[in-house]
Amino acid sequence: MASVKELLVDSLKELVEVELKEFHWRLMDTYHKRISKSEIEKADIFDTVDKMVTCFGPKEAVKIMVEILRKMNQNDLAGQLENKHKQSQSEDSMKTSVPVGEMQNFLKTHKNNMKKKAKYIFEGNKQKDTDLKAVYTELLITEGDMKNVNHEHEILKIDDAFNTKKTQGKLIKCSDIFNELRKNNEKKIVLTKGVAGIGKTVSVQKFILDWAEGNTSQDIDCVFMLPFRETNVIKDREVNLHEFLQVFYPEIKELENSNLYSKYNLAFIFDGLDESQLPLNFKSETLDTVEKRASVDVLFTSLVKGKLLPSALVWVTSRPAAANQIPSRYVGLFTEVRGFTDQQKEEYFRKRITDESLASRIISHIKTSRSLYIMCHLPVFCWITATVLQNILIENNAENISTTLTEMYIRFLLIQMNMKDQKYDGKEQRQPTKLLHSNRKSILKLAKLAFEQLKQENFVFCEKDLKACGIDMSKDTELTGMIAEIIKTEDGLFETKVFCFVHLSVQEFLAAVHVFICYLNKNKRELRFFFENSQNTARQKLQVLFRNVKLHDLIKRATYKAMQSQRGHLDLFLRFLMGISLESSQNLLKGLITHTKDTTESIRQTTEYIKQVQNKNITNEASVNLFYCLLELKDHSLYEEIQSYLSSDEHSGRELSSSMCTVLTYIVLMSEKVLDEFNPKRFTSSPSNYERLIPAVRCCRKAM
Ligand SMILES: Nc1ncnc2c1ncn2[C@@H]1O[C@H](COP(=O)(O)OP(=O)(O)OP(=O)(O)O)[C@@H](O)[C@H]1O
């Protein structure tokens, strides 16, 4: 039986040249938003069919062709196409072992299951799941410039670069993501980047919920959500696509011989590329059939390349540093999650905290602290802040509220420990030092686990990994609130449980706690990771063990390691490590740490060092991360310096480095303030730096 494409080609072959022209004109007239004019103008019948199928999917392409042929009075041709398509569908369904009714049942059940999963946000509290709709606040997502993501940008075609730049900055709703992709061109993957905790996973969840509730993207029959952290578990297996999906969706087991992969519109969402342990080798073999087995890496790269299931849609999310692992030539739409605007921050707190007066108090409190307010553009930080401040303000009306990200995470740790004690051990609320002291062993074990796994870029662990750090699974309460079981897989007779931290940022925070405690306790063996490199001789390795490790040395090495990391997996860790070194943080951690250390001089040296690095030519991500590191050290001087450049008409008197230009742009974007006039010449005279300032132009009334 002929394929859909063959049926479509056969129909177009019947048209004479002028009729084909009319067909193209009608197609463009109605669907110009989804298919580009320039592509269709020069297309022959084969190109036209290919474009239609890629753009609309096979079923919809037939429907559209029938509709246009009817408008052209080609009723016989339209009728023939419709009948042949129906016939081929019923023949197909007879060929498969799965009757149509059963398939429809599966699709319905799957949609329902996806709805149930997407309904709640995973915040580590099994007893009290957070309802997505109750707290979901629209996020700022913009169409970005792939050029900024890909290191190979020099080889991008000029017209590609122009096309992306033209629309740069356009706002995109997560529920429209695939509609936007299809408007763009025939490439089928969306790549969304965003820093840790900015709301990538929640955006994906919101898309799924909207789809599963029948509100958007109803042309997609089936959506599969595939978090990279979970796919890592089977990364070494050889599987075909069906077997791969079955690991996450056991309900598709019976559909192996069905027409699910050939006749239905499918969307695959791969969340968290930065957590992937796949080699992502796009130059390796390519798979083009569902039946053949290959490594998970080949399956994923073939889907992205559009060779495996060419009409399926793919959405990949990633933290910025890892996003460049997908070559830009496969990306049809590139978006960036930018977090909450000032208005959205407020909206979030009002949704999350139902007691209106408490919400108002929290909002006004956050507004009084500059760094807290800036940080709150990160939704994850809003969540932690809401949890912490709610607790503090309800409990003891305290006025002295911490302001750094790190201090918020320490308080979050205290809240989770307190909740655990009250729930499982029936203990009354206790004073923080006592609370940390009594949970010391558990926290130290978790912190060790966090660091051990972070070093290896591992974000999911099995019972064996927990045991290696002395965590006893039978004492389930040890894990409560900070770590959670995510999946259970059945491997033959054995059941494997897989765990992860409640949020990746919690793992990064605990890893920093571990490293700081090792520094305090002079546990040099544990700190070797920062001082060693592969070229070290055995003697040099031994020297590390005898060296007196100074805090600013350790931080310098950690900064270097973080900037070396391809996937940026140490960025947040670095911020926490700096934050913990402050005396105020050490005081909060009393009970967990046995003694504190005066770190004033080390911190002075560290801030100086960061400012030196900021003057060098470093990546955008490193610039922004180091800017945050300074805020973590409660050093607001860079922030204030940049504000002064923005508010004055004068030349700053200082030529800003490329890194400082990035930070300036970042501050302008985050502050939401519309500048009256933006004149890059005030800050820099280097044309290459102007490029880093382009996004800031969006936020001003007049740009020079
Ligand atoms: N749009 C939103 N509305 C309300 N809360 C949100 C939103 N986006 C994120 N959050 C909150 O922030 C937390 C972190 O978000 P999410 O897990 O989506 O971040 P992420 O970008 O995927 O981070 P990572 O790269 O670390 O995995 C969520 O658990 C939720 O509490």
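Two strands are taken to pair here if DSSP finds at least two bridges between them, and helices (H or I, at least four residues) and strands (E, at least two) are DSSP runs, numbered from the N terminus. The structure is a predicted model, in which local features need pLDDT of at least 70 and side-chain atom pairs count only at pLDDT 80 or more, while totals for chains, interfaces and linings use all residues. Residues are numbered from 1 along each chain as its sequence is written.

The chain contains 35 helices and 15 strands. Of its 704 residues, 42% count as buried, a residue being buried if 20 or more other C-beta atoms lie within 10 Å of its own, exposed if 12 or fewer, and partly exposed in between, with C-beta atoms placed from the backbone. Contacts are counted between residues whose C-beta atoms, placed from the backbone, lie within 7 Å; among those in the chain between residues at least 6 apart in sequence, 73% join residues at least 24 apart.

Six strands form an open sheet in the order β3-β10-β4-β9-β7-β5, with mixed pairing.

Strand β10 (residues 331-339) is mostly covered, with nine of its nine residues buried. On one side, β10 pairs with strand β3 (residues 140-143) in the antiparallel sense over four bridges, and Glu143 stands opposite Thr335 in β10. Strand β4 (residues 189-193) runs parallel to β10 and is joined to β10 by five bridges; the bridge partner of Thr192 in β10 is Thr335.

Further along the strand order lies β9 (residues 313-318), which includes Thr317. Thr317 counts as buried because 26 C-beta neighbours lie inside 10 Å. Not counting residues up to four places away in sequence, Thr317 touches Thr192, Lys200, Val204, Asp271, Gly272 and Leu273. Thr317 and Thr335 are 18 residues apart along the chain, and their C-alpha atoms are separated by 9.3 Å.

Strand β7 (residues 266-271) is likewise mostly covered, since six of its six residues are buried. In a regular strand the side chains alternate between the two faces of the sheet. In β7 both faces are covered, with Leu266, Phe268 and Phe270 buried on one side and Ala267, Ile269 and Asp271 buried on the other. β7 pairs with β9 in the parallel sense over four bridges, and the bridge partner of Ala267 in β9 is Leu313. Strand β5 (residues 222-227) also pairs with β7 in the parallel sense, here over six bridges, and Met225 stands opposite Ile269 in β7.

The ligand is surrounded by 23 residues, the closest being Gly199, Lys200, Thr201, Val202 and Pro379; a residue is near a molecule or strand if its C-beta atom, placed from the backbone, lies within 6 Å of it. The elements that give two or more residues to this shell are α11 (200-212), α20 (379-396) and α25 (504-520). By residue class, the shell divides into 12 nonpolar, eight polar and three charged residues, with Ala, Val, Leu, Ile, Met, Phe, Trp, Tyr, Cys and Pro counting as nonpolar, Asp, Glu, Lys and Arg as charged, and the others, Gly among them, as polar. Lys200, one of the closest residues to the ligand, is also among the residues that Thr317 touches.

The buried residues of α23 include Ile443, Leu446, Ala447, Ala450 and Leu454. After α23 comes Glu457, whose phi is positive, near 55°.

Two loop residues other than glycine also have positive phi values. Leu309, with phi near 45°, lies in the loop between α15 (296-305) and β9, and is buried, with 20 other C-beta atoms within 10 Å. Lys634, with phi near 60°, lies in the loop between α32 (620-632) and α33 (637-647), and is partly exposed, with 16 other C-beta atoms within 10 Å.

Note on methods:
Two residues are in contact if their C-beta atoms, placed from the backbone, lie within 7 Å.
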